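Dear colleague,

My notes on it follow directly after.

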Amino acid sequence: MNKIINKTVLIALAVVTASSCIGKFEEYNTEPYALRVEDPSVLIAPMFEPLMYAQQNSSQYVDQMVGTLGGYFALNSRWSGQNFDTFNPSDEWSAIPYNKAFNTIYANYFKIEKITEGRGHYYAMAKLIKAASMVRVVDLYGPIPYSCVQDGDMTVAYDSAEDVYKHIIDDLKSSAEVLSDFVASAPGYKPLGSSDPIYGGDYSLWAKFAESIIMRVAMRTGNKEAFVDAMNSPIGYIQSNSENAMRDPKSMGNPYNIAGSIWNELRPSSSIVSYTVGYNDPRADKWFTPASATWSKYGKYVGLRRGNEILPAGDGYRSKLTFNHEDLLPVFVAAESQFLLAEAALKGWIQGDARTYYEEGVKRSFEQWGVSGADAYLADETSVPGDHKEALASQNYDRKTEVKIAWDAESTPEKHLEQIITQKWIANYPLGLEAWADYRRTGYPELAPSVSNLSSGVISDVVRGARRVRYPYQEKDLNSENYQKALSLLGGSDNEATDLFWAKK
């Protein structure tokens, strides 16, 4: 992590414990000798980072370390024995996803709001990025400050998680409308240009991205009305791979390549390897290196079980990740839209055939990764996820599920849901935070539990594993009154065993 020793720099703010939304807008950043950057496009540029971290340490702190809970990766270092996958992250690490997002987003967001007077396309883009970034924060923690944050101050009242998601949907919807109207009035004009590392300033695609995130959030929270509204919006949602939200890491390089190939601190998990091997999935050839000849008897690819207190032997024999330095980072892809529609059809939210959407999701993923054979894959009625076998018996795992690939019209809705989420999980690789959210929400796919539970009794069920991340430890002291009220909104203790309201109990 080079080596996870740098402390997160926190904003020094005055303590505000009143529960009302009291802002200090005119006082914000008024140092008379401070450098003023008045160009909104310059202010927006760093705000893209929390959507998907490209900086190597930020990515490892958040998308990789917390993301291991989604089942794609296993951590190949122990860092003094504390980590998310063994359910004993340090207070400092638990605070990072929260603090990084708040500190990166709000400082510039309020500058842009002031410059634009809260109007126009720049403000709409800033609001869109804020809302989409905070989805990832509320997914991890539950109740967070949102509607009361007026000047970048984190020490304000929390919204319930339910209300945060509603505010996010409203912000995404209004932003998408402004951006869509701007495109209609100034076709071809891209004010952000190259400062936008995802869409190169194409507002029409950002508007579709906003509607797609609404669909994701609406499915997470059971909001049928918001889902249908976004699906039917004339703005559209991400449907083709040409519209995928893919972040260019530029000179920083792909952080999964750095962590996996250079630092040797990240490996493919036994779960993602076992599923793709069991299904004879050609995407595995794109994602993993073959295990060494010494371990070929265990299969072409051999992953690493998550959550080992002491790393097992055989590191040099296992598969590695195949990310290259220049590879783009997915934020939202077309395959996910199709799986969301499949689940919505299964629930009866929308008209249409769940099977058709399900199969289109698989086909779009195959196309995204440049592999052929989707039709044969979807026709496979016999293959099931594989088991994990290797030299050390304590690492082995016999998978219980027998979920197939081919859609069986006679199967139950629950079996169909498992199929949808399993294939969605495979297609969303390497989006670990989203994978973890779906696992907590549905219980699918079946993941090999962490080997070691170092939670001192907090996590009683290692199959369900961690259910959230605990709040930054500073909140107890700097925002005490609001922190206590947040625990009431959370409905449980501030630890990793408390479910969010949308989680499958």
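Among contacts between residues at least 6 apart in sequence, what percentage join residues at least 24 apart? In this chain, which is a predicted model, the value is 76%.

The overall form may be summarised as follows. The chain contains 17 helices and four strands. A compact globule of 505 residues would have a radius of gyration near 23 Å, and the 22 Å computed for the chain therefore agrees with that form. The C-alpha trace spans about 70 × 50 × 45 Å along its principal axes. Of the 505 residues, 60% count as buried. The chain exposes about 19,000 Å², of which carbon and sulfur atoms supply 50%. As for charge, there are 50 positive and 63 negative charges, and their mean positions lie 4 Å apart.

I also looked at one element in detail, helix H11, which covers residues 334–347. Its 14 residues should span 20 Å at 1.5 Å a residue, and the end C-alpha atoms are 20 Å apart, so the two values agree. H11 is mostly covered, with 12 of the 14 residues buried. Among them are Phe339, Leu340 and Leu341, together with the acidic residues Glu336 and Glu343. The cover over these buried residues includes helices H6 (203–221), H7 (224–232), H12 (354–368), H14 (413–427) and H15 (432–442), as well as strand E4 (329–332). After H11 comes Gly348, which has a positive phi, near 85°.

With kind regards

Definitions and conventions
Residues numbered from 1 in each chain as written. Predicted model: local features only at pLDDT ≥ 70, side-chain atom pairs only at ≥ 80, totals over all residues. Heavy atoms only, no water. Helix = DSSP H or I, 4+ residues; strand = E, 2+ residues; numbered from the N terminus. Rg over C-alpha atoms; globule rule 2.2 N^0.38 Å. Buried < 20%, exposed > 50% of the residue type's maximum accessible area, 1.4 Å probe, protein only. Contact = heavy atoms within 4.5 Å. Areas by Shrake-Rupley, 256 points an atom, 1.4 Å probe, with all protein chains shown as cover. Lys, Arg positive; Asp, Glu negative; His and termini not counted. Charge placed at Lys NZ, Arg CZ, Asp CG, Glu CD. Expected span 1.5 Å × (residues − 1).
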